[in-house]
Amino acid sequence: MAFSAWQRRDSRKKSGPAADKKTKENGRFMDRSESGEKPRNKQERIDVIPDYDYLFTESTNKKGKKKNGFFGKIVKMNFCPLFFSSLLYVLQAAPVWLMPVLTADIIDAVTMAAGGQVAVSQAVKTISIDAVILALSILQNEPTTLFRVTIMSKMLRSTSAGIKSCVVRKLQSLSITYAKDMETGRIQSKFLKDTDSVDSLFSCLAQTIIPNVISALISAAIALSKNGIVALFFLCVVPLNVILSRLFSKRIRSENRAFRLRTESMSGRLTTMLEMMTVTKAHGLEQTEIAAVNKSISGVADAGLKIDKTYARFGSWAWCLNTFLSGACVVFCAVLALKGKISVGDIVLYQSMFVSISGYVMALVNLLPSLSTGFEALDSVAEIMNAKDVEMNIGKREVPSIRGDVEFDHVFYKYPDGERYIVRDLSLSVKAGECIAVVGASGSGKSTIMNLIIGFLTPVSGRILIDGKPLDEFNLSQYRHHISVVPQNSILFAGTVRENITYGLTRYSEEDLQKAVKIADLEEVLKDLPNGIDTDIGEHGDKLSGGQKQRITIARALIRNPEILIFDEATSALDNVSEYHVQKAISACIKGRTTFIVAHRLSTIRDADRILVMENGACVESGTYEELMEKKGKFYELKSLNDINTKIAEEALS
Ligand SMILES: Nc1ncnc2c1ncn2[C@@H]1O[C@H](COP(=O)(O)OP(=O)(O)OP(=O)(O)O)[C@@H](O)[C@H]1O
Ligand SMILES: [Mg+2]
């Protein structure tokens, strides 16, 4: 297959059935986000997963106060389902309130019939009516419960999906520097554990708080309609329980926070342990790792024990308070009955009402720990949602195509946590189609320059211009559709070779895939794999050698047919033979597009149009290979050193 087939102009012409299967614009394949093709499950996604991003944003903008604004807004948004399910709850739980009223009615009818105050037939009639009312109220429970749970479940499931989805969208919108600083384990903990706790918070609200408040209000209303003095006694339950909750809430909140932070830290530690597994085993450091992770585990256990003790103390105090009040209620009602202010049947009525009211209040009070965990989790999710380091692309300049001119105009860059400038006063003008090689000692800033071109990093001062327009005005996500990067470390995922090469592309032709495979010198590798290109390569491509992985990332870059190609030490992991083939491939496929090549082995950049020599972030020399060799300056020095090292390495290997 001729390399020229890879040049942009040629690849735009599509013919044959393969071409019908793909969509190509401006010489490149389209991926899911830009093809304009409707996502298969669009309807479902909009219906099932609500977009909650703006709720988080509003929460922070309005008062500058982040806490729980989101919670209130979600409650407001779901007012209708909450309201209807509450009404249904009243209906569903009707037997609970009717039972004491009907019981008191029956006892009174029996005592009055026994005392001869009413006829027996009248008492039987009253008992029959009460029995029918009770039976009907019990029978409606099943359909009403089902209806209520359906409404609630829909609301809770979509809220849960909405929160998880907006966390994912936020993570994807964060800048690469923020993403690099994030600890995977911590984020996983936030995504899985904390979003679940937030779900529980809403489920608590819907399934426990609202029903219990309604139940307590109805019971209190019945008591009030019967006897004002007893109702006043009932009302004492609320302030006493509120005071008790206030006494404990601060402590519970702070212990919950400590527990959450320790859990996140343990999760982060575990991820590090898994990532370091090979190194740990290679150095026989298993026991050291076990000890380190155990320390995190016991930290979580300690925090958990502390919080459990506080919960237990709080629960016990709440129980004592309410049981004491319940006993006091019996005595109070008995005194009223002795004075003839209430009937004997009413003692039973008030006592069972009091028990249910204090039961509801206790249920609410006992929710304090779960509520506290839920609000803490909400704060944790808000930490991600309110992160400011976001790559803003909305409203930025659309980038349907680019030519490939790249210009650095007095660019300075230093990392946010660094003290010195990593790129210093770099000015460079690259015409579309030119090939620029960047060389220099390790740490001289080569990868940083590449990241500036990709838009991962923004200059501290100076400008980067693409086709004469400032890069910071571009929609970077669209801009990057015109770039392909072969990074220093190959990044592969668990899946087949085919999936790794065509990552993110919805359509591609088999012909183009084969071209990419051939150019990246992967054919020999694929022959040895059990299922060829459809072989699963394991997590991070662990079943392949470093060189093989690198060639897959090269094929991934090539199949996208980009206008700007970046090779950051792309051939560093290849053996001499593979390097020769890939180098030949790179030389062919770079024709017609702007290319930046970072290389340690200086012999590989002989054909570059220009070579930049970097030293401590500054460009100290530039020119063609011949010019620089003739000049006998920095590049000549580097090259001589490089040759000696290569020779030593080759001798050591032979
Ligand atoms: N995220 C970061 N935060 C702070 N400093 C960083 C970061 N990344 C790189 N640096 C520093 O910037 C300097 C240049 O790094 P860079 O990766 O650009 O070097 P390089 O020339 O590509 O080196 P190599 O040839 O080893 O790949 C180094 O001193 C490095 O420590
Ligand atoms: Mg580098």
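Is Arg-260 buried or exposed? Arg-260 is buried, with a relative accessible area of 3%; here buried means under 20%, exposed over 50% and partly exposed in between, using a 1.4 Å probe and protein chains only. Some notes follow.

1. Ground rules. This is a predicted model, where local features need pLDDT of at least 70, side-chain atom pairs count only at pLDDT 80 or more, and totals for chains, interfaces and linings use all residues. Residues are numbered from 1 along each chain as its sequence is written, chains are lettered from A and ligands numbered from 1 in the order in which they are written, and side-chain values use heavy atoms, leaving out hydrogens and water.

2. The Glu-376 pairs. Arg-260 and Glu-376 form a salt bridge at 2.7 Å, N to O (a side-chain nitrogen of Lys or Arg within 4 Å of a carboxyl oxygen of Asp or Glu). That pair links distant parts of the chain, with Arg-260 in helix H13 and Glu-376 in helix H17, 116 residues apart. Helices are DSSP runs (H or I, at least four residues), numbered from the N terminus. Glu-376 also meets Arg-253 in a salt bridge, at 3.9 Å, N to O. Glu-376 sits in helix H17 (residues 368–385) and Arg-253 in helix H13, so this pair ties together parts 123 residues apart in sequence. Glu-376 is buried at 2% relative accessible area, while Arg-253 is partly exposed at 23%.

3. A pair inside one helix. Glu-255 and Arg-251 make a salt bridge at 3.3 Å, N to O. They are about one helical turn from each other, because they lie four residues apart in helix H13 (residues 237–275). Glu-255 is buried at 9%, whereas Arg-251 is partly exposed at 42%.

4. The largest nonpolar core. This core has 41 residues, and the members touching the most others are Val-497, Ile-501, Leu-522, Ile-605, Ile-611 and Phe-635. Helix H23 (residues 546–559) gives the most to it, six residues. A nonpolar core here is a set of buried Ala, Val, Leu, Ile, Met, Phe, Trp, Tyr and Cys residues joined through side-chain atoms within 4.5 Å. Beyond its neighbours within four places in sequence, Leu-522 has contacts (heavy atoms within 4.5 Å) that include Ile-501, Gln-548 and Arg-551.

5. Ile-107. Look for Ile-107 in helix H7 (residues 94–114). Ile-107 is partly exposed at 30% and, residues up to four places away aside, touches Gly-345 and Val-348.

Conventions:
Helices (H or I, at least four residues) and strands (E, at least two) are DSSP runs, numbered from the N terminus.
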